[in-house]
Structure formats: C-alpha cells, structure tokens
Amino acid sequence: MKFLKGTKIYSILTGTCPVCQEESMYKENNPYHLTRIFDMHEHCSHCGTKYKMEPSFFFGAMYVSYAVGIAFAVAAFTIAYFFLGGGLMTSFWVIIGTLVVFMPLIIRLSRNIWINFFLNYKPGAGKN
C-alpha cells in the first residue's frame, strides 16, 4: 500500500495522520476492540497536527457513516440476491448481518474520510 502514500486514500484506508501519514490517529489500531474504538491521540507526535480541531468535530462523520453504511448494504444485497440467489428476506438478513459485523470498520472509515475533507497531505511535514 506504500505506492498510495501521499494520497487521501492512503490516509483513509490506513487511519494515519492526514498531514504527514506517519502515525496512526488511533490509540488502538484494531477497530474491533470495541471499548477503545473512539480513542484517538490528541495530536500527531510526528507533525503536531491536532486531530480534534474543535469540540464535537467528528459529529460530521455520522453523515459520512450513513453513506458508507449504504455502500456496504448495497454490496451485501447485490452479493446475496444476485450472486447467491437468495430471496428478499434472506438478503435483508444478510444486510443486517453485514452492517453489524462491519460497524466498527464503518465507524473508523467514516472518521478517516471526515478528517481528510479538512486536512491535506504535506510532504516533509514534521521534519525539522
């Protein structure tokens, strides 16, 4: 994935600082450690970027979460209904299962996408 370094996609998929892309924004890298899913560093130790720019900054990630959840649901429906030949009720339960299983990943992806709306990669950030 190093070939994507310097792009927003790299920061979104890896959860690294959007400015320097050197450090994880999260204290716990595993999103399935549910008690620590929202625990983020206050700032990047490499470049000093403050992650929570204002109180309640990540409330906006809820809107992104809705879109990401819809994308997961559409993918689950397409696979269950068209490729596996399940009926509508089967597809419904597959969608519910998919959203429950991928909820921690959707939360992290949404936060990563949200912060990348506001911060851009700066090559050499944090180097003195």
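**Cysteines, core and backbone of a predicted model**

A search of the whole structure finds zero disulfides, a disulfide being a pair of cysteine sulfur atoms within 2.5 Å. This is a predicted model, in which local features need pLDDT of at least 70, side-chain atom pairs count only at pLDDT 80 or more, and totals for chains, interfaces and linings use all residues. Residues are numbered from 1 along each chain as its sequence is written, and side-chain values use heavy atoms, with hydrogens and water left out.

User: Is C44 buried or exposed?
Analyst: Buried means under 20% relative accessible area, exposed over 50%, and partly exposed in between, with a 1.4 Å probe and protein chains only. The relative accessibility of C44 is 1%, so C44 counts as buried.

User: Which residues touch the most other members of the largest nonpolar core?
Analyst: A nonpolar core is a set of buried Ala, Val, Leu, Ile, Met, Phe, Trp, Tyr and Cys residues joined through side-chain atoms within 4.5 Å. The largest one has 21 residues. Those touching the most other members are C17, M25, M40, Y51, F58, W114 and I115.

User: What is the phi of Q21?
Analyst: Most residues other than glycine have a negative phi. Q21 is not a glycine, yet its phi is positive, at about 55°.

User: What is the relative accessibility of S56?
Analyst: S56 is a residue other than glycine with a positive phi, near 65°. S56 counts as partly exposed because its relative accessibility is 47%.
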